[in-house]
Amino acid sequence: MGSWTPVPCQCCLSPTIQSLAAIQLRHAVKPEAKRWLISRLEGRKKDGGARLLVHPGEDDDGSMILLSITPYSLLRGTEVLGLAKLDHSGSMRAFSYNNRASFPNAEKTEEFLTLAERQFLVKHEADSIRVRDEEYVPGYPKLRLYPGQPIVRCLQKYGIIEKFYPLHDEQQLRPLTQEWYKGLHLYSQPIDVVCAYFGVSVAFYFSFLGFFSVSLIPMALFGVAYYVFSLDFLDRHIIFAIFSVIWSTVTLELWKRHSAAAAYRWGTLQLKSQFEGPRGQYWGPLGINPITGRREPYYPSWKRKMRMLLASTPTVCAFLGLAVDGMVMFLYWERWAQGSYGTSSSILAPVWLLLPSITHTLYVELLNGIYKRVAIILTEWENHRVESAFQNHLTIKVLVFRFFNCFALLFYITFYMQDLPLLKKRLASLLIVSQVTNQFSECILPYLLHRLKLRKNNLKQRASEEQPLVDVVFTEGELPSYGGLFDDYMELFVQFGYASLFSCVYPLTAALLVLNNLMEIRTDALKVCKLHQKPFPCPASNIGVWQVAFETLGYFAVITNCFLISISPEVKELCRDTGVTPAISLLYAIGMEHVLIALKLVVAFAIPDEPSWVRLKLMQMDFSSWEALKRMEITQALATSEG
């Protein structure tokens, strides 16, 4: 790799400019295409540019472009996105460029805005540039363009842009890693520092991971005490079932308050909604968008629905069938293992007894991974116009399948077989085997491969302070791209289900989850800091659709726990002693289920979603906005009357 050649560009005019993001082009990209992209990235807004600071690399044939942004563009972007910042009174309010004197350090953007906010604004500006009158990509006549098409996404689709990623800042990353993943902690993570470096969405995930893990501690302590002190005189089914129902409700309601306070502190509680343009992968014959008046691809919604009905739905059903096949295989194998264990005197008999459960757990994990890839392909093929629609359909597909694949067998054992010992055994296998496989596949294996690659390429020596900037940038680009938070939230979703649905059968569930999450925080932090490219920050006001998913599980928990109470040995014995028939016992369980659902609704209503001080601050922000708007209207009216 050659060293940088001095190139006259805007970002080279000052030695204090920090490179915030990198675009890596295809090898041997045509110089015309590179010059066209650079001209649009650094062009003026009125000419359709992004007004970014661009370092074009070694020469026209180079494949690397470094991006930064001017202070003016940063402040204007902060206003457009509706980010709130601290004013001189110490309150958060939406930033206004014309009123920037009211915000401390507004003239010092590196102090006023976090690294994550600056990198997000760079990406936002780069994504905003669109094709004007070009009919094809310069240098590539076969790659057709249309007016209004997002240039960066288009070039990514055509493979001209291979990678687009934000850059690490070692001076900020090093102390963060020392404090974050090199110590054992649940709730005391440096979440505000994580937010400033990686962005709000990543901070929300780790904050929820820590909050959820801490909320499990009371249940874990009681579960461990039950086993250690042999509290057999307590009916664990009734106690744990009622506790699980209340716990799931209170935890999620308190989390909403916690997340609202965090979103206010991070300035994203009242984000402005943004108009979404078509995805780069969206295709179809060109038509006129009635909203924007631009020419863009148009794909009829009825064709998309037909694809979903005739292709996506049967494929999802086919995978559900494979999940059912796995269940049937497990049940037959489990019955055979139980029969063989009773008649065998072999020393390996206990191992054979556990083998069906372990094998089925591995089958579940393998099927989850395959289905996720198929779901992405199907959702791409459905040709959704905007990114939010794509993500929503992908989430629904994966969520439905993962729920069925992970919980269907447990529900079958609970409601049909009513075999509590088998349910306990199956749950223990899922908790232990799936956690080990997840930790190995998500962190241990990537870490070993990363270390092997470092040793092979002798990159340890190249990581010294004398290493050229281009080598640092290329090294970060060689890392695998970060896959997002979807799988991480899905893992927590499954954990929440195990804890709220079935912990009364296996009281050590919460303890195992807490131990797992102690490692999960460290491994996920290592993954995002060292093992993958830094993800582009993304503002968020909460955890989004996952809040609804967790709350839905809470209602399933009521039904499941009430039924588990009705079939517990203690309740069955009580019913026999008092002459209560199974049908009457089931009616009592249904009545209890209605009472507990009503209790959940009362608790959810009684606990406000936002702390009182946050509601007060929001009203103050609204009042300030109205006052500023009235002053603007008065100023405009006076100017008009004087004219």
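## Ring and charge contacts in a predicted model

Lys600 lies over the face of Tyr555, 5.1 Å from the ring centre. A charge counts as over a ring if NZ of Lys or CZ of Arg is within 6 Å of the ring centre and within 35 degrees of the ring normal. Arg100 also qualifies: its charged end sits over the ring of Tyr97, 4.1 Å from the centre.

This is a predicted model, in which local features need pLDDT of at least 70 and side-chain atom pairs count only at pLDDT 80 or more, while totals for chains, interfaces and linings use all residues. Residues are numbered from 1 along each chain as its sequence is written, and side-chain values use heavy atoms, with hydrogens and water left out.

**Confidence.** pLDDT is the predictor's confidence in each residue, from 0 to 100. Its mean over the protein chain is 82, and 85% of the residues reach 70 or more. Over residues 1-15 the pLDDT is below 50; this stretch has 32 contacts in the model beyond near neighbours in sequence. A contact means heavy atoms within 4.5 Å. Residues 459-465 also stay under 50, with seven contacts beyond four places in sequence.

**Aromatic pairs.** The whole structure holds 37 aromatic pairs. Rings of Phe, Tyr and Trp (its six-membered ring) pair if their centres lie within 6.5 Å; planes under 30 degrees apart are stacked, over 60 edge-to-face, and the rest tilted. Tyr264 and Trp613 are edge-to-face, at 5.6 Å centre to centre and 80 degrees between the planes. Tyr264 lies in helix H10 (residues 236-266) and Trp613 in helix H22 (residues 612-642), so this pair ties together parts 349 residues apart in sequence. Helices (H or I, at least four residues) and strands (E, at least two) are DSSP runs, numbered from the N terminus. Tyr264 is buried at 7% relative accessible area, whereas Trp613 is partly exposed at 42%. Buried means under 20%, exposed over 50%, and partly exposed in between (1.4 Å probe, protein chains only).

Phe403 and Phe411 form a tilted pair, 6.0 Å centre to centre with 45 degrees between the planes. Phe411 is buried, at 15% relative accessibility. One aromatic cluster includes Phe204, Trp247, Trp266 and Phe550.

**Salt bridges.** The structure holds 18 salt bridges. Each is a side-chain nitrogen of Lys or Arg within 4 Å of a carboxyl oxygen of Asp or Glu.

| Residue | Partner | N to O distance |
|---|---|---|
| Glu79 | Arg76 | 3.3 Å |
| Glu117 | Lys85 | 3.0 Å |
| Lys372 | Asp487 | 3.1 Å |

Lys372 lies in helix H12 (residues 349-381) and Asp487 in helix H17 (residues 486-502), so their bridge ties together parts 115 residues apart in sequence. Lys372 is buried at 14% relative accessible area; Asp487 is partly exposed at 36%. Glu79 and Arg76 are three residues apart in helix H2 (residues 71-81), about one helical turn. Arg76 is partly exposed, at 30%. Glu253, Lys256, Glu551 and Asp609 are linked in a salt-bridge network.

**Helix H4.** Glu117 and Lys85 are both buried. H4 (residues 115-128) has 14 residues and reaches 20 Å from first C-alpha to last, close to the 20 Å expected at 1.5 Å a residue. The expected span is 1.5 Å times one less than the number of residues. Eleven of the 14 residues of H4 are buried, so this helix is largely enclosed by the rest of the structure. Among the buried residues are Glu117, Arg118, Phe120 and Asp127.
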